[in-house]
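Dear colleague,

I am handing over the structure below, and my notes on it follow directly after. Please read them with the model open beside you.

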Amino acid sequence: METKDLYKILGVSKKASQEDIRRSYRKLARKYHPDANRDDPKAEDRFKEIQHAYEVLSDPEKRREYDEGPRTFFGGAGGAQQPPRDGTGSFSTDFSDLFGGGGFGDLGDIFGRSTRTRSAPTKGQDITANVNLKFRDALNGVTTRVAVPVEEACGECRGTGAAPGTLPKTCPDCGARGVRSRDQGFFALSEPCARCGGEGTIIEKPCASCGGSGRVRSSRQVTVKIPPGAKDGMKIRVPGRGSGGKNGGPPGDLFVVTRVEEHPVFKRRGDDFVVEVPVSLVEASLGAEIEVPKPQGGTVKLRLPAGTQNGKQFKVRGAGAPRPRGGEAGDLIVKTSVVVPKKLKKREREILEAFDEVHDADVRGDLLRRARM
Ligand SMILES: [Zn+2]
Ligand SMILES: [Zn+2]
């Protein structure tokens, strides 16, 4: 059972940007990678811990879940994520990967990181954003603007992370290579540069706006078309509107999750709606044509047969929710709620007493018989 704070494991604050998290992970993963710590058995556990923390915090969706309730997240049920415990000593992260794909991509050239040219085009991250919808908007479909959280290059330092007027400096220890070679007799061992954490550059005076990460969080408005009949919790994919790709890679996708306002009267059940309709004692007994409200607005007439029981359900075909992907609409389920008068006037009481004299209903006989069995 995981109890440690994932942010602490990665040594970042709760407000850390994705870039901060990635950067810190790369640094720690290099430091604790078992291949680099063959004589420290604890490094392996630490490395797995770091890997797990990064797996959660680097995924905006998982990170949100973790932020909202770290206990339930590790609770075991419902999408819980356990740290990898294979114990075989095989790691999904190749040591050499940790040196690839520099964060500043094209800026690398400016600072002369000639050895870090393995910058393959990568697809941008997918982004998930919630949209709150009014009940009728979800039912009828709507085109709406969604605020999408994004990370972009800090305007103050133009993404360098160095205070305005200064620039990141080439790391004096590794000469911008991010790695240092140590002569081990017959062969040279390459290890990440401790001074710059493998970045190849050092920032002497961090930018105050972004804290040296070079990235800031902001939001961007995206217009999204919600199809008629959208359910609560529906995921709508908007291709290409996620984070921008790196090194010329395609952008990620945007996933808009619908949050539909509850209606006080109409409850959704699949593509159907359920509405509870009060029916008088007389209407239920004699039968009646009653007026029933529809989710889309307006009403529809419903014929109740004589002898309608309390809680009986009737279906009004096609008066439910349109199906977001097309096809026949759902139904409106009308559930009767027979209303018994709370107070009777003298005349009403007399009539019911007269009714009782002629109505020889044995309503509990069957129950009592079966109870004895
Ligand atoms: Zn900045
Ligand atoms: Zn260095």
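In this predicted model, R317 is exposed, with a relative accessible area of 62%, whereas D331 is buried, at 8%. The side chains of R317 and D331 meet in a salt bridge with an N to O distance of 3.5 Å; both residues lie in the loop between β14 and β15, so the pair ties together parts that are 14 residues apart in sequence. Salt bridges that share partners also join K123, D126, R237 and D253 into one network.

A search of the whole structure finds 19 salt bridges. One of them links the side chains of K134 and E261 (3.8 Å, N to O), and since K134 sits in the loop between β1 and α7 while E261 sits in the loop between β9 and β10, this pair ties together parts that are 127 residues apart in sequence. Here K134 is exposed, with a relative accessible area of 53%, and E261 is partly exposed, with 39%.

Leaving aside residues up to four places away in sequence, V275 touches, among others, V265, F266, V292, L332 and V334.

Terms used: Residues are numbered from 1 along each chain as its sequence is written. Chains are lettered from A and ligands numbered from 1 in the order in which they are written. This is a predicted model: local features need pLDDT of at least 70, side-chain atom pairs count only at pLDDT 80 or more; totals for chains, interfaces and linings use all residues. Side-chain values use heavy atoms; hydrogens and water are left out. Contact means heavy atoms within 4.5 Å. A salt bridge is a side-chain nitrogen of Lys or Arg within 4 Å of a carboxyl oxygen of Asp or Glu. Helices (H or I, at least four residues) and strands (E, at least two) are DSSP runs, numbered from the N terminus. Buried means under 20% relative accessible area, exposed over 50%, partly exposed in between (1.4 Å probe, protein chains only).
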